[in-house]
Amino acid sequence: MFFSVATDSFDVVDPILKLFGWETLADISFSSIIFRLCLALICGGIIGFERAKKHQAAGFRTYILVCLGSAIAMSTNDFISRTTHLGDTARLGAQVISGIGFLGAGTILVTSRNQIKGLTTAAGLWACACLGLAVGIGFYTLAIISTIIIAIVLAVLPFIENAFIKNSRYFEIHIEFQTQDNLKEFITEVRNREFQILSIERNTAYSDSGLSVYSIAMRMQNKKIKLNHKAFIQTFSELDYVSFVEEIH
């Protein structure tokens with residue numbers, strides 16, 4: 001077993017430290033502090049680099065700072081608990097987890113086309129903060145494995161997610177009509193193509209543009225028809241009364 005428990009103090013040695021004989025890094029020392037901060041910088045940087053490549057609002061430096069800040073808070077809590085033998089060792093960590101919500105909420109936006117942006121960024125910041133807490137308390141094994149998994153989720157899973165969306169029978173679009181009367185014509189058009197209208201929401205952000213703009217959710221009723229989202233977008237855009245149309249992801 002990688003875990004080592006002393007019966008007198010119940011101190012647990014992190015599996016990686018036990019494996020490589022680095023048990024001294026579990027203590028509060030100059031070398032362990034440097035190691036924790038460097039590991040937090042690397043882990044946060046790996047995740048932040050992936051987000052920066054996609055030009056997200058929270059990028060390379062943001063993720064590093066979140067991870068470093070969480071590690072600092074948890075290491076401080078660890079130091080207080082060890083030196084005073086008082087207090088809750090998880091108190092500062094709990095404050096980080098709840099406090100990061102304010103930063104994450106600031107990245108979530110609803111665009112003028114009723115698209116929700118920033119949910120993945122907010123979740124990534126929260127996960128990165130939790131990652132920093134693991135580093136700060138000296139749980140290096142969890143931190144390293146979590147960094148790898150989070151990086152895979154952010155970098156690889158979007159391709160799988162897009163494959164599911166591409167073949168989904170559900171379809172939501174942002175569409176701009178020349179006049180309000182065109183909506184009735186469009187509904188007739190999509191029903192003739194065996195779509196079921198699930199919801200129609202008028203976008204008031206375009207009320208002064210002279211256009212009639214809607215967000216429309218549809219579902220293909222005929223299961224035998226393979227729904228090609230791009231093909232239908234192209235078909236809808238060629239309608240005379242449609243000024244612009246795009247799929248909402």
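## The largest pocket

Helix 7 gives the largest share of the lining of the largest pocket, six residues. Helices (H or I, at least four residues) and strands (E, at least two) are DSSP runs, numbered from the N terminus. This is a predicted model, in which local features need pLDDT of at least 70, side-chain atom pairs count only at pLDDT 80 or more, and totals for chains, interfaces and linings use all residues. Residues are numbered from 1 along each chain as its sequence is written, and side-chain values use heavy atoms, with hydrogens and water left out.

The lining of this pocket counts 23 residues, of which Pro158, Glu161, Asn162, Ile165 and His249 lie nearest its centre. Elements giving two or more residues to the lining include strand 2 (116-117), helix 5 (119-136), helix 7 (157-166) and helix 9. A pocket here is an open set of points on a 1 Å grid over the protein atoms alone, where a 1.4 Å probe fits, with protein on both sides within 12 Å along at least five of seven lines; lining residues have an atom within 4 Å of a point.

Four strands form an open sheet in the order 4-5-3-6, with antiparallel pairing. Strands pair if DSSP finds at least two bridges between them. Strand 4 and strand 6 (242-247) stand at the edges with a single partner strand each, so one side of each has no neighbour in the sheet.

Strands 3 and 6 pair in the antiparallel sense over five bridges. In strand 6, valine 242 stands opposite phenylalanine 177.

## Helices on the sheet

Helix 9 (residues 229-237) packs on the sheet and touches strand 3, strand 4, strand 5 and strand 6. Contact means heavy atoms within 4.5 Å. Helix 8 (residues 182-192) lies across strand 3, strand 4 and strand 5 (212-220).

## Aromatic rings

The structure holds eleven aromatic pairs. Rings of Phe, Tyr and Trp (its six-membered ring) pair if their centres lie within 6.5 Å; planes under 30 degrees apart count as stacked, over 60 as edge-to-face and the rest as tilted. Phenylalanine 171 and phenylalanine 195 are stacked, because their ring centres lie 6.2 Å apart and their planes stand at 20°. Phenylalanine 171 is in strand 3 (residues 170-177) and phenylalanine 195 in strand 4 (residues 195-202), so the pair ties together parts 24 residues apart in sequence.

Phenylalanine 171 is buried, at 2% relative accessibility. Phenylalanine 195 is buried too, at 1%. Buried means under 20% relative accessible area, exposed over 50%, partly exposed in between (1.4 Å probe, protein chains only).

Notes. Axes fitted to C-alpha atoms, helices over the stretch in contact; angles between N-to-C directions.
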